[in-house]
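Here are a few exercises to work through with the model open beside you. Try each task before you read its solution.

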Amino acid sequence: DVALRQCEPEGRRVERLASARGRLLDVGTGTGRVALRLLPLLPSGGVVGVDAAMAMLQRAGEKRSGAAGYRLIQGAAEHLPIRGGTADLALFAFALHHLADPLAGLREAGRALKEDGRLVILDPVAAEPVDDLDLALHSSLVAAFRPSQGSGFQFLTLREMRDLVERAGFVVSTAREVALTFDDEALEQVPMGRHWHEAFAALAGDARLRERFQVRYLSFDGQPPRVTGRLLYAGIAATRGGDRERRVES
């Protein structure tokens, strides 16, 4: 539930799309937190969850507790072990930023989708850079997050993510930025809060970058730290290239 609530109203949009489709392909299914929420909405279909990490799939299997319709497969997003043209909806829920080659992952999702299939992405994004200081901050964030999130971690902007989706052969029908705001919140209430705090601490030697970080993202006060500011998420919906007249419901 937390995963979808991070990105409301985009989470509700995913639920509506899922309930109107049949077979859902959950790329980067992780521990199944999103898939298991969507599964009851797919009585005539089901969820195929793919993840490269066996440890994640084991946890998802434990949480599944025998629920029918949730199939787990180990595999990389860039080389999906799925037959082409079999999925009605492909979902990347808080997963795209982990891929070393997101373009390849999106193209694979397109291959797996049926002719009228849909793609939905929910993912954290960086603020759109407006000057060299923003570009330097962007690079610092990527470097700070990679030790915990993996060497393939990328912090895309909404524009970069939309461009990737279009390069993968999709027609984007919705691309919006959603701000998740915080007002003196505990660090545990912030998605990846500890890692954001570490990223801020890594800028200790550069006052200008620390100030820009606080303007663009988050500020921390006290010990244990309380958090004020915002994080940005992308909500993108698209159709395969041959389905240009389709539009996502508003």
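**Exercise 1. Sort the lining of the largest pocket by class: how many residues are nonpolar, polar and charged?**

Step 1. Sort by class: nonpolar means Ala, Val, Leu, Ile, Met, Phe, Trp, Tyr, Cys and Pro, charged means Asp, Glu, Lys and Arg, and the others, Gly among them, are polar. You get 16 nonpolar, 9 polar and 5 charged residues in the lining of the largest pocket.

Step 2. Find the centre. The pocket has 30 lining residues, and Gly28, Gly30, Phe94, Ala95 and His98 lie nearest its centre. Two or more lining residues come from each of β1 (23-27), β2 (46-51) and α4 (54-64).

A word on the source: this is a predicted model, where local features need pLDDT of at least 70, side-chain atom pairs count only at pLDDT 80 or more, and totals for chains, interfaces and linings use all residues. Residues are numbered from 1 along each chain as its sequence is written, and side-chain values use heavy atoms, with hydrogens and water left out.

**Exercise 2. Which residues line the largest cavity, and what classes do they belong to?**

Step 1. List the lining: Pro124, Val125, Phe155, Met192, Trp196, Tyr217, Leu231, Leu232 and Tyr233.

Step 2. Classify: 9 are nonpolar, with no polar and no charged residues.

**Exercise 3. At what angle do helices α6 and α9 pack, and which residues meet?**

Step 1. Two packed helices are described by the angle between their axes and the distance between the axes. For α6 (residues 132-149) and α9 (residues 207-216), the angle is about 85° and the axes are 10 Å apart.

Step 2. Name the arrangement: α6 is therefore roughly perpendicular to α9 (roughly perpendicular covers 65 to 115 degrees).

Step 3. Pick out the contacts (heavy atoms within 4.5 Å). Leu133, Asp134, Ala136, Leu137, Ser140 and Leu141 in α6 meet Arg208, Leu209, Arg212, Phe213 and Arg216 in α9. By class, that's 6 nonpolar, 1 polar and 4 charged residues.

**Exercise 4. Is Asp134 buried or exposed, and what does Asp134 touch?**

Step 1. Check the area: Asp134, in α6, has a relative accessible area of 5%, so Asp134 is buried (buried is under 20%, exposed over 50%, partly exposed in between, with a 1.4 Å probe and protein chains only).

Step 2. Leaving out residues up to four places away in sequence, Asp134 touches Glu128, Pro129, Arg212 and Arg216.

Methods: On a 1 Å grid over the protein atoms alone, a cavity is a set of points where a 1.4 Å probe fits but cannot get out, and a pocket is an open set with protein on both sides within 12 Å along at least five of seven lines; lining residues have an atom within 4 Å of a point. Helices (H or I, at least four residues) and strands (E, at least two) are DSSP runs, numbered from the N terminus. Axes are lines fitted to C-alpha atoms, for helices over the stretch in contact, and angles run from 0 to 180 degrees between N-to-C directions. Angles under 35 degrees count as roughly parallel, over 145 as roughly antiparallel, 65 to 115 as roughly perpendicular and the rest as oblique.
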